[in-house]
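Me: I'm new to this one. Can you walk me through it?
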Amino acid sequence: MNTIKLFLLVLMSGVLFHCSPKTMGGLSEEEYDAWKQKKKELTPENYKALVEENDSLSEENIQFSEKETYLNQVIERKDNEIDRLTSQLSKMNSEGSKQNTVSDAPDPWDKGVVFRVQLAAFDDFDLRELTENGSDLKIIDQDGYIKYVLGQFRDYEMADKFKKKLRKIGVNEAWIVPYKDGKRVPLKEVLTEVVN
């Protein structure tokens, strides 16, 4: 019985050491020996530098992953915007001439002085879908910003009251922006015109 156990042990040892050209980590014996020698030559300073470089690369990898996630979100928002605009264009095309007659009518708010309250200006946040149902919210792409303007007032004091109410509820960036004949103008240019 002991002879059989000894024979099996010798046989298994021979199979493990002679049949496989690989050792630990999937390296051949020559590769293993070469890396073992390099490890012996490695100083603590070199090892520290390797560990620090690995940590730095790991951190950089995390930052790239976060940036990739952000860019994927931007792409998704842009894709949604494209879908919304495509849908809007299809609606407009299906309405045909009926849409043209409605859009040809002049907007009474494009004549004279008009005060609007600008809520915010963002370069990467888009609320355009809120204006699809004819809301009083206007969205203006200008100077690299997407500007959101709410309300139309002929009277400066009414616009100012609305601005103050918005600030009271936490819209701290709200301010009054005047328009004359449909174009934005400086406040001091039209303030004397409407106050007198």
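Reply: First, a term: a salt bridge is a side-chain nitrogen of Lys or Arg within 4 Å of a carboxyl oxygen of Asp or Glu. Also, this is a predicted model.

Me: OK. How many salt bridges does the structure hold?
Reply: Four. In general, side chains of opposite charge can pair when their charged atoms come close.

Me: Start with Glu-52. Which side chain does it meet in a salt bridge?
Reply: That of Lys-48, at 2.8 Å from N to O. Both residues lie in helix 3, which covers residues 44-95. They are four residues apart, about one turn of the helix.

Me: Is Glu-52 buried, exposed or partly exposed?
Reply: Partly exposed, with a relative accessible area of 43%.

Me: Next helix. Where do Lys-163 and Asp-160 lie?
Reply: Both are in helix 5, residues 156-168. They sit three residues apart, about one turn of the helix.

Me: Which residues are linked with them in a network?
Reply: Lys-164 joins in: Asp-160, Lys-163 and Lys-164 are linked by a network of salt bridges.

Me: Switching to strands. How do strand 2 and strand 3 pair?
Reply: In the antiparallel sense, over six bridges. Strand 2 is residues 137-142. Ile-140 stands opposite Lys-147 in strand 3.

Me: What about the turn of that hairpin?
Reply: Two residues lie between the strands. Asp-143 takes a positive phi near 55°. The side chain of Asp-143 also meets that of Lys-147 in a salt bridge, 3.8 Å from N to O.

Me: Why is strand 3 called largely enclosed?
Reply: Because seven of its nine residues, in the run 145-153, are buried. The cut-off for buried is under 20% relative accessible area.

Me: Last topic: strand 4 and strand 5. How do they pair?
Reply: Antiparallel, over two bridges. Strand 4 is residues 175-180 and strand 5 is residues 183-184. Tyr-179 has Arg-184 in strand 5 as its bridge partner.

Me: And what sits between strand 4 and strand 5?
Reply: Two residues, in a hairpin. Asp-181 in the turn has a positive phi of about 50°.

Methods: Residues are numbered from 1 along each chain as its sequence is written. This is a predicted model: local features need pLDDT of at least 70, side-chain atom pairs count only at pLDDT 80 or more; totals for chains, interfaces and linings use all residues. Side-chain values use heavy atoms; hydrogens and water are left out. Buried means under 20% relative accessible area, exposed over 50%, partly exposed in between (1.4 Å probe, protein chains only). Two strands pair if DSSP finds at least two bridges between them.
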